[in-house]
2 protein chains.
Amino acid sequence: MTDCKFVSEAEVIDFARHHSGVFDPAEALSVEEIGDGNINFVYRVYAAGGNSVIIKQALPYVRIIGEGWPLSQDRIRIEAEALMLEAEYCPDLVPRVYHFDAARSAIVMEDIGAFENLRHALVARAELPLLGKQLGRFCAETLFHTSDLYLDAHRKKEMVARFINPDLCKITEDLFFWDPFCDHERNNINPAIWSEAEALWRDEPLKLEVARLKHRFLTCAEALVHGDLHSGSVFANAEGTRIIDPEFAYFGPIGFDVGSLIGNLLLNYAGQAQLPGEASECEAYRAWLLDAVRELWNTFAGRFGELMSSSTKDPSLNLPAYREAYLADLLRDSLGYAGTELIRRTVGLAHVLDLEAIEDPQQRAKAETQALHLGRMLVLERAQLSDIDAAIERVRQI
Amino acid sequence: MTDCKFVSEAEVIDFARHHSGVFDPAEALSVEEIGDGNINFVYRVYAAGGNSVIIKQALPYVRIIGEGWPLSQDRIRIEAEALMLEAEYCPDLVPRVYHFDAARSAIVMEDIGAFENLRHALVARAELPLLGKQLGRFCAETLFHTSDLYLDAHRKKEMVARFINPDLCKITEDLFFWDPFCDHERNNINPAIWSEAEALWRDEPLKLEVARLKHRFLTCAEALVHGDLHSGSVFANAEGTRIIDPEFAYFGPIGFDVGSLIGNLLLNYAGQAQLPGEASECEAYRAWLLDAVRELWNTFAGRFGELMSSSTKDPSLNLPAYREAYLADLLRDSLGYAGTELIRRTVGLAHVLDLEAIEDPQQRAKAETQALHLGRMLVLERAQLSDIDAAIERVRQI
């Protein structure tokens, strides 16, 4: 099963040349391994003239661990199919897939190197005027068009089967919804917030609501979610946005995707106050982050509502009152999953630069504590937060 | 695809003899076609000495319509696998499967002819002291053990894929959740309740709640539900109960099964007052029906709660507060689906003997109107009905 691994740079280059159609046959190509994730191998193949492609290869184990942590290679098929489906509805927001090679477990795709990783851009307080709108549109288009509102009953069920993704779902099931709520060996906790973590583990009302959110994650086959929509899966600059890496895609709750994005913007919000820089700049950026959350939600809900009204195929779900009720449910779910993202990125296994960039542990503890309190509030109060403005107002108060 | 059809009685007998292991090789066998459903062929093969088996065969179309209404033969594999799974947890409540033959699209199974079809038994006011308890136990055992509470994360997802059942789900999606709520050509409406039906089609609050229930039916992969748990799928007498025909099985909301049973008991309750007989007998039987609903729910919830407490594998879902909240959610769902069953059996395509046995259309209209009002109340008030006693009290008031 590991035979598909590229054994030389020449092999990678040859693969890129034959499966992308972007290079002149005469031009010399170079290759660099650029994977900064933990799981896969990612190569950039480029010509001196400027053309380039990305090759992403999934081996049957986790890259940074090795063969001791096996992981189904089916994830790369899922990623390729999800990217192509997303491209049907937002071709401007995802990298183009040139080729998927099942034998190699590899995708050859467009190089989006002109965009910056969103997490780094947010830490650097980049101005991203299109971000909220484009993320909202991505969620609305991809999630509506893979839901029962739009899909034919047979096609939906066939797709559910095709996107069964147990290995990657299990990672989320554990890392989001269990580890952070107990003293788990996988957790990574700043000693300065140990008492906050302990309070979390004893917080029965919180754990009840997290159990409800986990149960929805396990059972609610609402739409083909990206499933890993954190800032590291988004590339952006002032001109545009690209969303990559849907290897966690499966039929799950719509709010999980929207909530992951909101949670990541709020993680940066929590971190900003402790990062170096002018206080006024910091405050202005935090205000922009909350505006981006609002714009993301309003764009998502506006477009999703339009699509429900214009394109819902099932007449029994095409009622004005149901549209309103459904969008209200999606907001509650999204806020809940935003809360679990805030918590798991603070005391769970996988941390984020938005907080880790704060060097002093005591300073970082302040931001981490705010992230935990924001997460807890969103999970517990989501049923009462009737609109995005009310939610943002509560965020400001914490 | 229709080549698998048995072409002679001798062929049926030969098949039964070779695949059941219940007959003496020397004994002469007879066969009768006993299918009273609309979709499949059902044969009873029996010896003069008393031994017998049932053969159920699914052809690639609906039996009473013919090849003009195609239907996937995969339903018989699903039925066989569901019966065998159910037998792991309630072997005393389902017919034993002797053999499943994929090439023949046929199941050879235990003959449960000693039991009476529950619908006929209820119309005849049979005393069934075990019914509520056994139905409650069936639901608790089969649904708990096929849910995320119990199953390993990988096994659950593999089972979801194996029980994708689009053809039969589509029947339910249309007949339960759409036809009855509009003036659909498939509907079958007693002219004497036409104005009641029209009121239904204009009832926006009801249609909103039915849309929510339909969306859950479409998206909530909570457990392997039987999917067609009406009185015609239950056989019973004073000594026991057997549940058959899980060809609609798929991963759906637990409340759909429990609610179908409750709905069917309440359909009989609505019919009884207009059926011939002594008023006191009628009242006593109606009181027994409500007791059976209570016993069904209490047995289900009691056993399901015990199983949650003793056998939930996922620690994040094994919290006392979550058990309580989850059972409360299951009650709400069950009452909602009971309501849709009451409505669709009254104005939709497929009617039930519990109401059809009332010969006079005006008399029948009274029972039908009560069934519609009960259905509407359950759908609309389910969120406020905090326990089964409160629900039964509201039933009594209508």
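A: Ser105(A) is found in the loop between β6 (97-101) and β7 (106-110) of chain A, where helices (H or I, at least four residues) and strands (E, at least two) are DSSP runs numbered from the N terminus. This is a predicted model, in which local features need pLDDT of at least 70 and side-chain atom pairs count only at pLDDT 80 or more, while totals for chains, interfaces and linings use all residues. Residues are numbered from 1 along each chain as its sequence is written, chains are lettered from A and ligands numbered from 1 in the order in which they are written, and side-chain values use heavy atoms, with hydrogens and water left out.

The phi of Ser105(A) is near 50 degrees, a positive value in a residue other than glycine. Most residues other than glycine have a negative phi. Ser105(A) has a relative accessible area of 5% and is therefore buried, a label that means under 20% relative accessible area, with exposed over 50% and partly exposed in between (1.4 Å probe, protein chains only). A second case is Arg125(A), which is not a glycine and has a positive phi of about 55 degrees. Arg125(A) lies in the loop between α3 (118-123) and α4 (131-144) of chain A, and at 15% relative accessibility Arg125(A) counts as buried.

β10(A) pairs with strand β8 (residues 116-117) of chain A in the antiparallel sense over two bridges, pairing being assigned if DSSP finds at least two bridges between two strands. In that pairing Asn117(A) stands opposite Phe235(A). β10(A) also runs antiparallel to strand β11 (residues 240-243) of chain A, to which four bridges join it, and here Phe235(A) stands opposite Arg242(A).

Next come the rings. Over all chains, a search of the whole structure finds 38 aromatic pairs; rings of Phe, Tyr and Trp (its six-membered ring) pair if their centres lie within 6.5 Å, and planes under 30 degrees apart count as stacked, over 60 as edge-to-face and the rest as tilted. One of these pairs joins Trp194(A) to Trp201(A), edge-to-face at 5.4 Å centre to centre with 85 degrees between the planes. Trp194(A), at 35% relative accessibility, counts as partly exposed, whereas Trp201(A), at 13%, counts as buried. In chain B, the rings of Phe177(B) and Tyr337(B) have centres 6.1 Å apart and planes at 75 degrees, so this pair too is edge-to-face. The pair links distant parts of the chain, with Phe177(B) in helix α6 (residues 166-177) and Tyr337(B) in helix α11 (residues 320-347) of chain B, 160 residues apart, and both Phe177(B) and Tyr337(B) are buried.

Ring pairs also link a cluster in chain A that includes Tyr89(A), Phe144(A), Tyr150(A) and Trp297(A). Charge meets ring face where Arg63(A) lies over Phe41(A), at 5.6 Å from the ring centre, a charge being over a ring if NZ of Lys or CZ of Arg is within 6 Å of the ring centre and within 35 degrees of the ring normal. In chain B, Arg63(B) lies over the face of Phe41(B), at 5.5 Å from the ring centre.

Lys207(A) is found in helix α8 (residues 204-219) of chain A and counts as buried at 15% relative accessibility. Not counting residues up to four places away in sequence, Lys207(A) touches Phe181(A), Leu200(A), Trp201(A) and Leu319(B), contact meaning heavy atoms within 4.5 Å.

The buried residues of helix α5 (residues 153-162) of chain B are Ala153(B), Lys156(B), Lys157(B), Met159(B) and Val160(B). Seen down the axis of α5(B), these residues fall within an arc of 160 degrees, so they line one face of the helix; the arc is that of the directions from the helix axis to the C-beta atoms. Among the elements that cover the buried residues of α5(B) are α5 (153-162) and α6 (166-177) of chain A and α2 (74-89) of chain B.

Finally, the cysteines: the structure holds zero disulfides over all chains, a disulfide being a pair of cysteine sulfur atoms within 2.5 Å. The sulfur of Cys90(A) is 8.9 Å from the closest cysteine sulfur, in Cys139(A), which is too far for a bond, and Cys90(A) is buried, with a relative accessible area of 0%. Cys169(A) is likewise in no disulfide, as the nearest cysteine sulfur, that of Cys220(A), is 12 Å away, and Cys169(A) is buried with a relative accessible area of 3%.
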